[in-house]
Amino acid sequence: MEFENRTAIITGAGSGMGKLASEKLAEQGARVVVVDVNREAAEAVVAGIREGGGEATPAVVDVRDYEQVKAAVALAIETYGGIDILINFAGGAAARVWGRSEGFPDLDLEVIDWGIDVNFRGPIYFARAVLGHMIERGKGVIINLGSVDGVTGSCAIEYGASKAGMIGLTKSLALYGAPHGVRACCVSPGPVLTRAAMANMKTRLGRAAEPIEIVDLILYLCSDKAAFITGQNYTIDGGRSIGGL
């Protein structure tokens, strides 16, 4: 029960790796605030955790709206007494999410703005909302989800730029939080089998990652085993970023 009596806020927790991380943290004793823009998805994850004997509560949040972000943080504090862990999973490549095929010069600004806001503004908002609370308590861990595209660059320009920004955000949070016992790390996956299409992306190891491989690293970084780690970006990409593919 590595995370017993600890509270985690997880964004984008209604599906994919956010859902899996919520379930695994709950299995290890954490109380989880399941944040997602999709109410039905968030409530389904919470129901599953509760059926398994864990503690969880849903929070329906558009991460682009700071008032909704603040409300989720307040809910976590009111319900569980404090926040120990924030994991910023919410995000996605805007053109894919919107079903668009245009290149960047022809992409509507509405789509580009969505990509920047969900992938970068949202994590900044959540970090701002929890950081003061964590500093007051003298402890806390913030995990930001980057991407191999933030390391190598990407033709999905606003996505690659936002994910590169997550590395800078993490370093800055680590600098600010370190004197107060607050750590921050970034995890930058390559292709992960949360979508079948990911299997077609090349890696040096010849496969995409299983979601649990990414989540296991995140849980390690959230744990006391990683108490001396902060400000770092962990690229977990099967060697994709080495180049030459």
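This note goes through the sheet, its helices and a few single residues of a predicted model.

1. Basis. Local features rest on a pLDDT of at least 70 and side-chain atom pairs on a pLDDT of 80 or more, whereas totals for chains, interfaces and linings use all residues. Residues are numbered from 1 along each chain as its sequence is written, and side-chain values use heavy atoms, with hydrogens and water left out.

2. The sheet. Seven strands form an open sheet with parallel pairing, in the order β3-β2-β1-β4-β5-β6-β7; strands here are DSSP runs of E with at least two residues, helices are runs of H or I with at least four residues, and both are numbered from the N terminus. Two strands count as paired if DSSP finds at least two bridges between them. The edges are β3 (55-60) and β7 (233-236), each of which pairs on one side only. On average, and with direction ignored, neighbouring strands are turned by 15 degrees against each other, where axes are lines fitted to C-alpha atoms, for helices over the stretch in contact, and angles run from 0 to 180 degrees between N-to-C directions.

3. β1 is largely enclosed by the rest of the structure, because 5 of its 5 residues are buried (buried means under 20% relative accessible area, exposed over 50%, and partly exposed in between, with a 1.4 Å probe and protein chains only). From β1, T7, I9 and T11 point one way and A8 and I10 the other way. Towards β2, β1 runs parallel and is joined by 4 bridges, with I9 standing opposite V33. The chain passes from β1 through helix α1 (residues 16-27) to β2 in a right-handed β-α-β crossover, that is, with the strands pointing away from the viewer, the path from the first strand over the helix to the second runs clockwise. Towards β4, β1 is again parallel with 4 bridges, and the bridge partner of I10 in β4 is I87.

4. Strands β4 and β5, and the helices that pack on the sheet. β4 (residues 85-88) and β5 (residues 140-145) pair in the parallel sense over 4 bridges, and N88 has N144 of β5 as its bridge partner. Helix α5 (residues 109-137) packs on the sheet and touches β1, β2, β4, β5 and β6 (182-189), its direction making about 170 degrees with that of β4; contact means heavy atoms within 4.5 Å. Helix α3 (residues 66-80) lies across β1 (7-11), β2 (31-36) and β3, and runs at about 160 degrees to β3.

5. Geometry of α5. This helix of 29 residues reaches 41 Å from its first C-alpha to its last, close to the 42 Å expected at 1.5 Å a residue, the expected span being 1.5 Å times one less than the number of residues. At D117, α5 bends by about 40 degrees, the bend being the angle between axes fitted to the seven residues ending there and the seven starting there. Just after α5, G138 takes a positive phi of about 75 degrees.

6. Residue V46. V46 belongs to helix α2 (residues 39-51) and is buried, with a relative accessible area of 2%. Beyond its neighbours within four places in sequence, V46 is in contact with V34, A56, T57 and P58.

7. Residue N5. Which value does the phi of N5 take? Phi of N5 is near 65 degrees, a positive value in a residue other than glycine. Most residues other than glycine have a negative phi. N5 lies in the segment before β1 and is exposed, with a relative accessible area of 56%.
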